[in-house]
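Open the model in your viewer and keep the selection tool at hand. Each stop below says what to pick and what is there.

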Amino acid sequence: MMRWFVVLLLLINILFFALMQWGGKLGREDSNAQPLAALNADKIKLLAQPVAAQTEVPAVTPVPAAAVAVAVPAVPAVVPVSAPVAVASLHAAEKPKEKKNEEEKSKPVKNCMEWGEFSGTDLARAENALAQMKLGDKLGQRTVEYTHGYWVYIPPFKTHAGRVKKIQQLKELGIADYFVVQEKGRWMNAISLGVFKTEEAANHYLGELGKKGVKSAKVGERASKLKFTVFVLKQMDAAGTTQLTALQKDYAGSEVKSVACNP
């Protein structure tokens, strides 16, 4: 029974295939229809292939490139920036700043300085030392006044002859910075060897005089108007500042300090 059923199905398929192949053609000839277009060779080949092959590997119809271009919109390409490029750009941006900092460091630093305060012998020595630095118009000075200070002196002489003799001794010892007090009062005819802002500076100078052979000098307070000189040094470079600081060590009580540069 099953065999007849299979044969029946086969006959039906053959009949259906015949109708599809020739029935349509007969119908078109009767209605004066246009002849059929030539069959596509590619499709005929596909129909001729075994059924098993079609099931194993499905036929894939190639899609033209133009269709893909139309169907899929173009996406702008994004080029990633690599880390080395970003770092290089950062370094390039920092170079001008680094160069500027290096130029500023290479420039000589210039300051305005003050060195003081001086009077008497120390003033003359300091003037001579600064002259050797050949500062020209960079060197100036100003005067400060105090109503109280210290001085190194030889007490007043009772006779004129005694005062003249002491002055001669000072000259022989190489001491030229002195003056005789002419003001009336307890200090008239005393010999002043120098006035100082601090007692420390006065005692230091007294020791220097003792080394030279002056034994009668003393240190005392001076309650009168005292004038001192302060040297002003403009636009000093590093070398000049170092030299000035070294000079200061030879002048007890003197001070070197930085100040604002006035125009």
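Start by selecting Arg 142, which is partly exposed, with a relative accessible area of 35%. The labels work like this: buried means under 20% relative accessible area, exposed over 50%, and partly exposed in between, with a 1.4 Å probe and protein chains only.

Before moving on, note that this is a predicted model, where local features need pLDDT of at least 70, side-chain atom pairs count only at pLDDT 80 or more, and totals for chains, interfaces and linings use all residues. Residues are numbered from 1 along each chain as its sequence is written, and side-chain values use heavy atoms, with hydrogens and water left out.

**Stop 1: the salt bridges**

Is Glu 114 buried or exposed? Glu 114 counts as buried, at 11% relative accessibility.

The term salt bridge here requires a side-chain nitrogen of Lys or Arg within 4 Å of a carboxyl oxygen of Asp or Glu. Side chains of opposite charge can pair when their charged atoms come close. How many salt bridges does the structure hold? It holds 5.

Next, pick Lys 197 and Glu 117. Their side chains meet in a salt bridge of 3.7 Å, N to O. Lys 197 lies in the loop between S5 and helix H8 (199–212), and Glu 117 in strand S1, so this pair ties together parts 80 residues apart in sequence. Lys 197 is partly exposed at 41% relative accessibility. Glu 117 is partly exposed too, at 21%.

Now go to Glu 208 and Lys 211. This salt bridge spans 3.8 Å, N to O. Both residues are in helix H8, 3 residues apart, so about one helical turn separates them. Glu 208 is partly exposed at 30%, while Lys 211 is exposed at 70%.

**Stop 2: the sheet**

Colour the strands. Helices (H or I, at least four residues) and strands (E, at least two) are DSSP runs, numbered from the N terminus. Four of the strands make an open sheet in the order S4-S5-S3-S6, with antiparallel pairing. S4 (179–180) and S6 (218–222) are at the edges with a single partner strand each, so one side of each has no neighbour in the sheet. Strands pair if DSSP finds at least two bridges between them. S4 and S5 (residues 191–196) are joined by 2 bridges. Select Phe 179: opposite stands Ser 192 in S5.

Show helix H7 (residues 160–172). H7 lies across S3 (149–154), S4 and S5, at about 60° to S5. Then find Ala 176, in the loop between H7 and S4. Ala 176 is exposed, with a relative accessible area of 68%.

**Stop 3: the start of the chain**

Select Met 2, in helix H1 (residues 2–30). At 61% relative accessibility, Met 2 counts as exposed.

**Last stop: the whole chain**

Zoom out. The protein chain has 9 helices and 8 strands. Of its 263 residues, 22% count as buried.

Conventions. Contact means heavy atoms within 4.5 Å. Axes are lines fitted to C-alpha atoms, for helices over the stretch in contact, and angles run from 0 to 180 degrees between N-to-C directions.
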